[in-house]
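Here is a briefing on charged pairs, a helix contact and backbone angles. Look at the sequence and model first.

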Amino acid sequence: MTPRPPDLLETTEQIAALLASQGIEALVIGAVAMAAHSYVRHTEDVDLGVSIAVRDLASVASNLQATGYEVVCREPDGQDPLGGVIDVSGNFGLVQVVNFGERFPAIIESGLAEATLRTRVNGSLRIAPLPHLVGLKLYAGGMKSKADIVELLRCNPSADRDVIRDLCRRYRLRGLDPLIQEADADV
């Protein structure tokens with residue numbers, strides 16, 4: 001009998017545990033988090049938002065690689081809105097550790113503090129709250145991220161728009177109101 005490949009979420013939990021052993025908390029962001037908030041779109045990976053000092057990124061990647069994962073570390077350049085990305089892959093798929101350290105750590109930290117959703121019952125992976133997910137998408141910018149915000153809001157018509165606005169205002173993120181208007185136009 002051929003053993004089954006490792007489960008992507010189980011592996012993501014293991015990676016998050018390895019990060020936690022280094023004092024790094026991780027928050028599920030991206031398409032998996034959007035699915036938890038009722039907007040499902042295709043994805044082949046799990047994104048974990050973290051806040052790491054950029055100078056420590058290579059060390060964190062090395063520690064992950066030492067546990068047997070295939071790891072590629074992409075450090076940021078001066079114009080990058082992210083603090084680097086660590087791709088962790090294997091026969092389970094791909095987990096991207098997306099670093100907001102030294103760029104936008106506050107949204108990850110407050111997202112971790114306010115997260116109540118988990119990827120599984122009794123699971124350890126916390127999912128970004130909807131306002132934080134919208135904020136992260138607004139921060140990312142671009143047409144795809146804006147379209148994701150509109151769909152997230154359409155899929156969550158009862159979500160408190162003022163709470164989302166307040167979070168975006170707190171982090172000086174602009175451009176939310178036209179997206180709310182577009183999302184609510186058909187409701």
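**Salt bridges, helix packing and positive phi**

E151 is partly exposed, with 26% relative accessible area; partly exposed is the range between buried (under 20%) and exposed (over 50%), using a 1.4 Å probe and protein chains only. The model is predicted: local features need pLDDT of at least 70, side-chain atom pairs count only at pLDDT 80 or more, and totals for chains, interfaces and linings use all residues. Residues are numbered from 1 along each chain as its sequence is written, and side-chain values use heavy atoms, with hydrogens and water left out.

- The partner of E151 is R154, and their side chains form a salt bridge at 2.9 Å, N to O. The term requires a side-chain nitrogen of Lys or Arg within 4 Å of a carboxyl oxygen of Asp or Glu.
- Both E151 and R154 sit in helix α6, 3 residues apart, about one turn of the helix. Helices here are DSSP runs (H or I, at least four residues), strands are E runs of at least two, and both are numbered from the N terminus.
- R154 is partly exposed too, at 30% relative accessibility.
- D162 pairs with R165 in another salt bridge, with the closest N and O atoms 3.2 Å apart.
- Helix α7 (residues 161–170) holds both D162 and R165; they are 3 residues apart, which puts about one helical turn between them.
- D162 is partly exposed at 47% relative accessibility. R165 is also partly exposed, at 22%.

- What does D148 pair with? D148 forms a salt bridge with K137, and the closest N and O atoms are 2.8 Å apart.
- D148 belongs to helix α6 (residues 142–155) and K137 to helix α5 (residues 130–140), so this pair ties together parts 11 residues apart in sequence.
- Are these two side chains buried or exposed? D148 is buried, with a relative accessible area of 3%. K137 is buried as well, at 13%.

**Network and total**

- How many salt bridges does the structure hold? The count is 11.
- D7, E13 and R120 are linked in a network of salt bridges.
- As a general point, side chains of opposite charge can pair when their charged atoms come close.

**Packing of α7 on α8**

- α7 packs with helix α8 (residues 176–184) at an angle of about 160°, and the axes are 11 Å apart. Axes are lines fitted to C-alpha atoms, for helices over the stretch in contact, and angles run from 0 to 180 degrees between N-to-C directions.
- The two helices, α7 and α8, are therefore roughly antiparallel, a label for angles over 145 degrees.
- The crossing of α7 past α8 is right-handed: the near helix is turned clockwise from the far one by less than a right angle.
- From α7, the contact uses R161, I164, R165 and C168; from α8, it uses L176, D177, I180 and D184. Contact means heavy atoms within 4.5 Å.
- These contact residues divide into 4 nonpolar, no polar and 4 charged. Nonpolar covers Ala, Val, Leu, Ile, Met, Phe, Trp, Tyr, Cys and Pro; charged covers Asp, Glu, Lys and Arg; the others, Gly among them, are polar.

- E102 is not a glycine, yet its phi is positive, about 65°. E102 lies in the loop between β5 (93–99) and α4 (105–114).
- N122 is likewise not a glycine, and its phi is positive, near 65°. N122 is in the loop between α4 and β6 (126–127).
- N122 counts as exposed, at 78% relative accessibility.

How values were computed:
Parallel < 35°, antiparallel > 145°, perpendicular 65-115°, else oblique.
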